Amino acid sequence: MEAELQQLPQKAKEKHAENKKFFNKLKKRPPKNLDYVMQELHQEEFERTDCLDCANCCKTTGPLFTNSDIERIAKHFRLKPSQFIDQFLRIDEDNDYVLQTVPCTFLGADNYCSIYEVRPKACREFPHTDRKKFHQISNLTLKNVSICPAAYNIVEAMKAKIKL
Ligand code: SF4
Ligand code: SF4
């Protein structure tokens, strides 16, 4: 997995123009069964991929924290939301709460998340490849394929399966 992760940014860069063209077409003419196809491709990929061998999302990006994420996680640590924010978060250029540092503070050396049960919604949903109306997050996906090997494979499988 280590070698695969090292090669991923370059592989994603090489596919960028092709992926962009595909998503532009997809946005104009999304197939009626897109949600169904994405569920299927997502499931197939995550049957093969073990996130515990990877954790590249937790190591390189980290999630946005919504207000309800902050309240839930602060409660888990028996902190006030403001104390949790002071200790772990900062506001980014889009005015969102994000981690002060990456790799994520809550990631263990064994790639387990120490706050798994209460982790942010964005962590639960990453890389968003099973969400409805997938064509609406193409810009995000174009970035995620350079971070997440599963997202990369899912986009490759999409291009093979969906003829536009
Ligand atoms: S979601 Fe993607 S980047 Fe994150 S651990 Fe799983 S395979 Fe790796
Ligand atoms: S909170 Fe957990 S799942 Fe989310 S980035 Fe940190 S270690 Fe990963």
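## The antiparallel sheet

The bridge partner of Leu-89 in strand 3 is Leu-99. Helices (H or I, at least four residues) and strands (E, at least two) are DSSP runs, numbered from the N terminus. Strand 2 and strand 3 (residues 97-99) pair in the antiparallel sense over 3 bridges; two strands count as paired if DSSP finds at least two bridges between them.

Three strands form an open sheet in the order 1-3-2, with antiparallel pairing. Strand 1 (64-65) and strand 2 (89-91) stand at the edges and have a single partner strand each, so one side of each is left without a neighbour in the sheet.

## Basis of the model

This is a predicted model, in which local features need pLDDT of at least 70 and side-chain atom pairs count only at pLDDT 80 or more, while totals for chains, interfaces and linings use all residues. Residues are numbered from 1 along each chain as its sequence is written, and chains are lettered from A and ligands numbered from 1 in the order in which they are written.

## Domains

The protein is divided into domain 1 (2-51 + 126-161) and domain 2 (64-118); such bounds come from an automatic or database domain assignment. The centres of the two domains, taken over C-alpha atoms, are separated by 27 Å.

## Surroundings of the ligands

A residue is near a molecule or strand if its C-beta atom, placed from the backbone, lies within 6 Å of it. Ligand 1 is surrounded by Thr-49, Cys-51, Cys-54, Ala-55, Asn-56, Cys-57, Phe-126, Pro-127, Ile-147, Cys-148, Pro-149 and Ala-150. Helix 3 (56-60) and helix 8 (149-161) are the elements that give two or more residues to this shell. By class, the shell around ligand 1 holds 10 nonpolar, 2 polar and no charged residues. Here Ala, Val, Leu, Ile, Met, Phe, Trp, Tyr, Cys and Pro count as nonpolar, Asp, Glu, Lys and Arg as charged, and the others, Gly among them, as polar.

Around ligand 2 lie Cys-58, Gly-62, Pro-63, Cys-104, Phe-106, Leu-107, Cys-113, Ile-115, Arg-119, Pro-120 and Cys-123. This shell has 9 nonpolar, 1 polar and 1 charged residues.

## Backbone details

Two peptide bonds are described here as cis. The bond from Val-102 to Pro-103 is cis, with omega near -5 degrees, and Pro-103 lies in the loop between strand 3 and helix 6. The bond from Phe-126 to Pro-127 is also cis, with omega near 5 degrees; Pro-127 belongs to the loop between helix 6 and helix 7 and is one of the residues around ligand 1.

Ala-55, in the loop between helix 2 (34-48) and helix 3, has phi near 60 degrees, a positive value in a residue other than glycine. Phi of Asn-95, another residue that is not glycine, is positive and near 70 degrees; Asn-95 is placed in the loop between strand 2 and strand 3.

## Exposure and contacts

A residue is buried if 20 or more other C-beta atoms lie within 10 Å of its own, exposed if 12 or fewer, and partly exposed in between, with C-beta atoms placed from the backbone. Asn-95 has 6 such atoms and is therefore exposed, whereas Ala-55 has 19 and is partly exposed.

Leu-142, in helix 7, has 18 C-beta neighbours inside 10 Å and so counts as partly exposed. Leaving out residues up to four places away in sequence, Leu-142 touches His-16, Asn-19, Lys-20 and Phe-23; contact requires C-beta atoms, placed from the backbone, within 7 Å.

Conventions
Contact = placed C-beta atoms within 7 Å.
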